[in-house]
Amino acid sequence: MSTEKRKKGLPVTSSVFAFLSLFCYWLLTIVSKESGENTTLVLILLGISFAVHLVNVFTDVFKIPTLLCYAFDFIGLFGALAGRVSYLAFFFCGDIMNTGLSVYLLSVVLYSIISIVLDSIQVAKNK
Amino acid sequence: MRIFKTKAWKCVSMVSIALSALLVAGTTVANNYSPMVNGFLGLQTSKVVDSENGNSQYYTSDYANLEEMYQNKVKHIREEAREGTVLLKNNGILPLAKGKKVGVLGANNLMFDATSGGGGFHSDEVDAKKTGLIDALKFDGLTVTEEKSEFASADAVIVVLGRHWGEGSDMPVGNLILTQDEVERINTAKAANKNMIFLVSGDYSIEIGAYVKDCAAIVKAGNMGFRGAYGLADVLTGVVSPSGKLVDTWAASSYSSPAMENWGDFEYANKNKIMASQANKYVSYNEGIYTDYRYYETRYEDCVLSQGNANGSAGVQKSSGGWSYSSEVLYSFGFGLSYTTFEKKIEDVSFHPEQRTATVTVNVKNTGNVDGKEVVEVYAQTPYTQYDKQNKVEKSSVQLVGFEKTSTLKANGGEETVKVEIPMQWLASFDYTGAKTYIMDAGDYYFSIGNGAHDALNNILEVKGKTVANGMTAKGNASLVYSWKQNALDTTTYSTSVYTGAKIDNRFDDADLNYWINGKVTYLTRSDWQGTYPVTVKLSASDDMIASLNDTKKYENGKWNDLKDRVKEQEVECLELYDDASVNSYLAANAAENVVAMRGKDYDDPAWETILNRLSIYEMSRLVAEGRYFINACPSVTFAQGTGGDGPVGILKNYRYYSIDQTTGEAVELKKDQTMQDGITNDVVTATLLDAGMYTSECVLAATWNKDLAFERGKFIGEDGLYTGTSYLWGLGTNLHRTPYTGRMAEYFSADGVLNSMIGAPVTRGSKEKGVVLVVKHFAGNEQDQNRIGVATFTNEQAFRENYLRAFEGIATYGEMQGIMTAYNRIGILSCTAEYDLITGVLREEWGSTAYTMSDLNSPTSGLYDGNAAIVAGLSNFLNNGNFNATSGSYANCTLNPKNIGADPLLLAAAREASHRILYNFIHSNQVNGISETSHVEFITPWWQPTLITLDVLCVLAAVASSALYVISANRKEEN
């Protein structure tokens, strides 16, 4: 593998997961009307996250894009979770509310965490 | 000197970025769920200032301190257990006198705890300190052994069989059949000792039919509570004579109830067309009115009268050949034995047409050798006529219409005359197809006194000239029957409410599945038991049903024009203030009203206008929207915040105060590890670890049939409220035991609406007297816990009114009920929480109740019901976790937001009315203790809110700064 490809490997991969987070969150807003967060705001934040990831594929000028990718990974994840914490509460309380965890929410969490890991590696690799 | 260390700043920036995101999101969550956070931390969001405690303790304890109260409370629990223990069979082995030796098999099957999910769980201390069977029997002087080798030398062996379930699901069908382990236990006992005593513990009717003949005695003891085992032991040892009566029919087979054919998990076949959440499930009450004894006794009568194909094979479980009562039923509803005998005589029956009541006067004499109490149960039979058959009006052969319990009657002649008041509207039948109101048929009517429904019915059959030769199980006693004739069908007298005078019409046509799909359901009718025995309903929702289920925004879509027509939109005056700061600021310049001055005044007193006009929109929002942890403060009317608790067996909170001064209200907090002595033994318990929920189950209380004991329970709940600092309790479950597998059996009184009503009413009155608002639940049609959230309960209106609503009626009216919780389910398609005909039509217009209504725990944004429609329909308060004032997310779009309430005149009027109900009921609670004429109330910001915001700011600044320093240092490094 060439050095050029190695450089793009992580940014491209993490941007894919950033996109998947955005897509799954969008699906979540369609199937579930119950939210404590501002869904439009979170969609925008996840959208910005994806946009920043795309920029990072092409350039990491002043090391800022990788840092922004990392930051928006967290912002998007916690923004989505903030309004959905009721799912977790009911789930861990034995589901007496007959409410299950949404697969879309779980996907958002999973993809965001992967993206965080990949972006953490990128930031760590920057000298 | 290297000022910028790139790696260090990189680490700091990564950590602070992550922490900032987490903190900011966490702050949002905490604010969205601020009631939950405050509740968890025990924080108030308001405070009473400058309170003069003189003469402002409206509710005080009857006891000097918690220890004295606790000692009396445990004695009361012992009394509940004594009188709620039911003796069903006894060949003379009981009572076991002091000094006797008894073997016990399965002592740990004694059921103690009637709480379940929603009621929380006891602390380890409570669990560890509860009294078990062995200790209680020893306390009463028995020698007890669990060693099987010693059973042969014992005077008797007690085999303990127990069952308990709880909230959130129903007991799995089949669980009432004896397990292999239980059978082995029985066989072990039987082999060792001929005097085997069954002790069936818990509130379920285990299938013991095959072994009834083998045992010397059978005792039914429900969930005993903390010290109830002492009461049970008192019965077993003869300290007191048993006086409990069954609250359910004990069938030989737990499958034999016709309701079992439609019990469990049913899903629409075309559920993929239903988009709304929690809308896919249904259950159909095809048995109509014929649940529990209404089924067994009515079918029995029809067997004796040889009518209605009653002795057909449909529904047979234990009979061989056709249906036979004696094969299908072990013990009837209301049955219970004593160690003594009683003679009863009807002395007088008088009717009071203006009040629409009757009084049955009965003399009870103790003709045996032991002191004892007896219950006088009055049943009624109304005629089943041709009109009824043509109009699908069903008639139970007997129905409980009233009861009283004597005091202890001395042996050998002690006697007492009791008067049983009968609300005559309970004899009327709801004719939902013909007259569409309550009717009284022409024909023969009977009052009958009996030891249970079956005994009372046999007395009536005796009067009708029937004998054992006709299939009666025993000869009846005609002298215990009073009969009279009604000459003509009456569709007028009971067509108006006896409480309010309001006209009573059909309200729940759409709760009947036949309304949506014509002919879908054939209800069980006594005119043809065989042909109409229920079958399991398999259902595809019709297009209309689907459209209605999917219409979750009923209010906004304007499809509820009829609702808006029924609710008067009115111009209301209020303070147009939308946050706590503006309320505080307003009150700094203007005097508050004092709502406590309205204590003792009627709900409709004109002076309420002054109070309600002073409420701000912000305060109304808080009252209406947040009901889970608090009843919120309203400073503009000097109304302080109160906290509540959960559980049909009491307030499941630790006690907080040791003593409360009756004059000043000054409370002495419990010290950590403070101990108290028990009221029955010398046992010592740690006061700070005890909780207030230690009573016997509701079934045990109902099994006492003792209204005075029920009143005492209510008063002790009030005492608990004082010592825990609690002003309300989601406390009284009164749904019916529709089948033997009801999940929350222990938390609902019985299978009969009148018994529920007349035992529940004194509890709410007692609690009201001592200052705790007792919220009754779940209103209505919530007989199964499976799929309870959103399940569509389909039933005809006769069954709904005469069975399921009746369970609430007496509590709402005679019980002066102050609060009621709607059920999770739908009645028909519509959620109970937003069902106008239920929470306004029946509750207010027909019953005249001034109670406040609250939802069960479910967000109004969940789609189960339209929160705005619920408020307009008459709901007062949501049992909601979230923050009403959230301006983001879905909360922003529903009732909870004060801006929305203020912008909609109909919502504003509804919220004002809701606030009226809440204030009216809570000024008659201990929540107003300490509020005097010179008090005022202020909102306060909980400490964690500004703390979190400060942390957020600091963390974000740190993230930005460290990131900038990292970027600068990294790029400088590169340049270098």
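A residue is called buried here when its relative accessible area is under 20%, exposed when that area is over 50%, and partly exposed in between (1.4 Å probe, protein chains only). By this scale B:Tyr230 is buried, with a relative accessible area of 7%, whereas B:Phe139, at 38% relative accessibility, is partly exposed.

The model is predicted, so local features need pLDDT of at least 70 and side-chain atom pairs count only at pLDDT 80 or more, while totals for chains, interfaces and linings use all residues. Residues are numbered from 1 along each chain as its sequence is written, chains are lettered from A and ligands numbered from 1 in the order in which they are written, and side-chain values use heavy atoms, with hydrogens and water left out.

As for confidence, the predictor assigns the complex an ipTM of 0.89 and a pTM of 0.92. Chain B has an average pLDDT (the predictor's confidence in each residue, from 0 to 100) of 92, and 94% of its residues score at least 70. Where pLDDT is low, the predicted coordinates should not be read in detail.

Rings of Phe, Tyr and Trp (its six-membered ring) pair if their centres lie within 6.5 Å; planes under 30 degrees apart count as stacked, over 60 as edge-to-face and the rest as tilted. Over all chains, the structure holds 43 aromatic pairs. In one of them, the ring centres of B:Phe139 and B:Tyr230 are 4.9 Å apart and the planes stand at 65 degrees, so the pair is edge-to-face. This pair links distant parts of the chain, 91 residues apart: B:Phe139 lies in helix H5 (residues 133-139) of chain B and B:Tyr230 in helix H7 (residues 228-236) of chain B. Helices (H or I, at least four residues) and strands (E, at least two) are DSSP runs, numbered from the N terminus. By contrast in geometry, B:Tyr331 and B:Phe335 are stacked, at 5.8 Å centre to centre with 10 degrees between the planes, and both B:Tyr331 and B:Phe335 are buried. Ring pairs also join B:Tyr290, B:Tyr295, B:Tyr296, B:Tyr300, B:Trp323, B:Tyr325, B:Trp529 and B:Tyr533 into a cluster.

Chain A can be described briefly. Its secondary structure comprises five helices and zero strands, and 46% of its 127 residues count as buried.
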